[in-house]
Amino acid sequence: MGAIKALGAPLALPSTPYSYTVLDQDLAAALQEFGNNLNIRVDISTGVKGRIRGRMPDLPPREFLERLTNLYNLQWYYDGLVLHVSDAHEVQSRLLVLSPISFDAFKAALDALNISDDRYLVRAVPGDGLVFASGPPRFIALVEQTLKGLVAEAQARRNPHGAEQPPHESVLMLFRGSSSVVVREGRPNDVPSPALPHQDGAVHAPDTGKK
């Protein structure tokens with residue numbers, strides 16, 4: 001078992017240079033203007049501090065973002081709807097209990113939802129049924145939400161009278177932003193389900209098995 005290889009929600013940015021001239025501007029304001037100019041929703045942590053002084057070179061938008069990230073010790077994470085920017089000192093770490101979920105099932109769900117990101121760590125702790133996660137706040141929040149949804153799904157499958165009744169198909173809806181993925185019997189379906197009104201988290205679909 002090892003670290004999860006990232007897929008990540010795609011952040012589509014143009015390849016043409018992003019021209020940005022500033023003499024003296026607040027860093028958070030510059031990042032907000034970056035999002036406005038590219039029609040991207042940006043959430044900037046209150047921990048992001050600093051000022052940009054002097055002209056920035058004309059770079060493609062992604063390189064411009066990476067340059068600010070490196071110069072001002074920032075982290076960014078795109079969840080498919082919002083670009084979240086935080087200070088690197090705001091990184092969070094969690095030691096999460098996997099039981100009764102396997103690491104492989106957890107990994108599959110994170111990949112299916114495009115939560116995984118190879119810049120940030122999600123790694124199994126060998127032999128202990130634990131997983132260690134580290135990254136910016138929004139990334140950690142989605143990792144925790146996904147695990148809680150999978151655990152709830154696994155607990156719902158438990159049937160104390162299983163020997164007396166036929167097994168029912170277990171269906172879980174995992175939501176992230178405007179996308180949803182159906183997990184059947186612990187395995188994400190290949191085809192995402194249509195978007196439904198919801199909040200981030202997990203919802204159990206009605207059991208279609210006959211009693």
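1. A salt bridge is a side-chain nitrogen of Lys or Arg within 4 Å of a carboxyl oxygen of Asp or Glu. The model considered here is predicted, and it holds six salt bridges.

2. One of these salt bridges joins the side chains of Arg 51 and Asp 24, with an N to O distance of 2.7 Å. Distant parts of the chain are linked by this pair: Arg 51 lies in strand E3 (residues 51-53) and Asp 24 in strand E1 (residues 24-26), 27 residues apart. Arg 51 counts as partly exposed because its relative accessibility is 37%. Asp 24, at 43% relative accessibility, also counts as partly exposed.

3. The side chains of Arg 94 and Glu 144 form another salt bridge, at 3.0 Å from N to O. Here a strand is linked to a helix: Arg 94 belongs to strand E6 (residues 92-97), whereas Glu 144 belongs to helix H4 (residues 137-157), 50 residues apart. Arg 94 has a relative accessibility of 30% and is therefore partly exposed. Glu 144 is likewise partly exposed, at 23%.

4. Asp 111 and Lys 107 also form a salt bridge, their closest N and O atoms being 3.1 Å apart. Both residues lie in helix H3 (residues 103-112), and because they are four residues apart, about one helical turn separates them. Asp 111 is buried, with a relative accessible area of 14%, and buried means under 20%. Lys 107, in turn, counts as partly exposed at 29% relative accessibility.

5. A final point concerns shared partners.

Definitions and conventions:
Residues numbered from 1 in each chain as written. Predicted model: local features only at pLDDT ≥ 70, side-chain atom pairs only at ≥ 80, totals over all residues. Heavy atoms only, no water. Helix = DSSP H or I, 4+ residues; strand = E, 2+ residues; numbered from the N terminus. Buried < 20%, exposed > 50% of the residue type's maximum accessible area, 1.4 Å probe, protein only.
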